[in-house]
Amino acid sequence: MLKKNDEKINGFLFIIVLPLLMFAMSYYGFESSYTRLKISERTPDFLFSSVYAYRVIPNYLSVQMTDLMFYLINGPLSFFRDFLSKNGTPFYHGLFLMNSVFFILCSVVLNMIFKLKATPFLLNLNARRIIHLLSVFFIVLTQYAPTNCDTIALFCYLTGVFFTLKYLLTHKNIFLYLLTGLIALSTLVRETACINIAFFAAVFFTIDDLKKGNYQVIWKLIPLVIAFLVPYLGLRAMLVQDETTFVEGFYINRNFSSPFNLAGLLFAVTVLYFIFKLCVDRENKEVFGKYLFFCIPYLVMITLVGLFWEIRLFLPLILTGIIIVYHQFKKTSEI
């Protein structure tokens, strides 16, 4: 009994408390040129224009969390007012609180994923915790560029990865239905919902099946694609304003001329390369290779309208690579 309680306490400390402390260090212990959000008293207007306007769920939550922090600072937490005012604004504290919740949920989902038909290496608790800590560290590392949508989107994406792997292991349609609904919902968070489709395709798509005339995976992919396109195009049809655009800007020249952006690209390529080298089994290498192939449209968009220096854009690929390395795909790839 004491041993079980000790394991539960250690699990709580490792999966929730330690990541949360690391997250707080990122938000309040380090400064960068991206922390101008600290001086925003209210939810910034730019979140409701350009491409940010289509991220309706994070924007709504940002407004609600900012109002909550105003209430807490001027009410129940008034004795902390001076301390909180010196370390950020109601909006920034609300941003931290909101992202902390979804960050912890990311940590919980990662723990669940690493327990799903893991390779022998992860059957060792200490090894699994090291890999879990490394994954969490990558998330924390990207928070030098805090946003109100990335952590929520990452939680949705990892949950989609979990549903895909559960469907792979059980073949129960409920997980396919849950994945379809999740993609539709997470498209209202961020456009990265589309790479859940890429992961599903990487796991189930094989050339041999197509040669044999087995098109089941295509029929299963169609609802996922529709679940992404309907809310994606629907938002852009409804939110028609002069200041609302499909993208924030085109940065391809800056990506290949700035040393910072080139460093970000080099970081992502190096990490993905070493993750690929960690793949021991042929099945894992094939899934990882297919995943990167199906993510080409996403990578092209990063190149055109994103900044390589914001390595948070590569984070879903990095975490997925780690998941693929330590998942047992042998004899489970038949759809």
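Guide: We can begin with Ser-135, which is found in helix H5. Keep in mind that this is a predicted model.

Visitor: Is Ser-135 buried or exposed?

Guide: A residue counts as buried when its relative accessible area is under 20%. Ser-135 has a relative accessible area of 1%, so it is buried.

Visitor: Which residues is Ser-135 in contact with, leaving aside its neighbours within four places in sequence?

Guide: Ser-135 belongs to helix H5. With its neighbours within four places in sequence left aside, the contacts of Ser-135 are Leu-110, Phe-114, Leu-319 and Ile-322.

Visitor: How many residues of H15 are buried?

Guide: Helix H15 covers residues 315–325. Its buried residues include Leu-319 and Ile-322, and both of these are in contact with Ser-135. H15 is mostly covered, and the buried count is 11 of its 11 residues.

Visitor: How many cavities of 30 Å³ or more does the structure hold, and how much space lies in the largest cavity?

Guide: Rolling a probe the size of a water molecule over the atoms shows where empty space is left. With a cut-off of 30 Å³ or more, the structure holds 1 cavity. The space in the largest cavity is about 150 Å³.

Visitor: Which helix gives the most to the lining of the largest cavity?

Guide: The lining has 15 residues, and those nearest the cavity centre are Asp-150, Leu-154, Arg-312, Leu-315 and Pro-316. At least two lining residues come from each of H6 and H15. With 5 residues, the helix that gives the most is H6.

Visitor: How many nonpolar, polar and charged residues are in that lining?

Guide: The residues nearest the centre of the largest cavity include Asp-150 and Leu-154. Asp counts as charged and Leu as nonpolar. Over the lining of the largest cavity, the classes come to 8 nonpolar, 4 polar and 3 charged residues.

Visitor: Why is H6 described as largely enclosed by the rest of the structure?

Guide: H6 has 21 residues and reaches 30 Å from its first C-alpha to its last, close to the 30 Å expected at 1.5 Å a residue. H6 is largely enclosed because its buried residues number 17 of the 21.

Visitor: What is the phi of His-171, and where is this residue found?

Guide: Most residues other than glycine have a negative phi. His-171 is a residue other than glycine with a positive phi, near 60°. At 42% relative accessibility it counts as partly exposed. His-171 follows H6 and is found in the loop between H6 and H7.

Visitor: What is the phi of Lys-117?

Guide: Lys-117 has its place in the loop between helix H4 (90–114) and helix H5 (125–141). With 36% relative accessibility, Lys-117 counts as partly exposed. Although Lys-117 is not a glycine, its phi is positive, at about 40°.

Visitor: How far apart are the end C-alpha atoms of helix H7?

Guide: Helix H7 runs over residues 173–186, which is 14 residues. At 1.5 Å a residue it should span 20 Å. The distance between its end C-alpha atoms agrees with this, at 20 Å.

Visitor: Which helices do the buried residues of H7 pack against?

Guide: The buried residues of H7 are Phe-175, Leu-176, Leu-179, Thr-180, Leu-182, Ile-183 and Ser-186. They cover an arc of only 165° around the axis, which puts them on the same side of H7. The helices they pack against are H6 (150–170), H8 (194–204) and H10 (216–238).

Technical notes. Residues numbered from 1 in each chain as written. Predicted model: local features only at pLDDT ≥ 70, side-chain atom pairs only at ≥ 80, totals over all residues. Heavy atoms only, no water. Helix = DSSP H or I, 4+ residues; strand = E, 2+ residues; numbered from the N terminus. Expected span 1.5 Å × (residues − 1). Buried < 20%, exposed > 50% of the residue type's maximum accessible area, 1.4 Å probe, protein only. Arc of directions from axis to C-beta. Contact = heavy atoms within 4.5 Å. 1 Å grid on protein atoms, 1.4 Å probe; cavity = no way out; pocket = protein on both sides within 12 Å on 5 of 7 lines; lining within 4 Å. Points joined across faces, edges and corners; volume = space filled by probe spheres on them.
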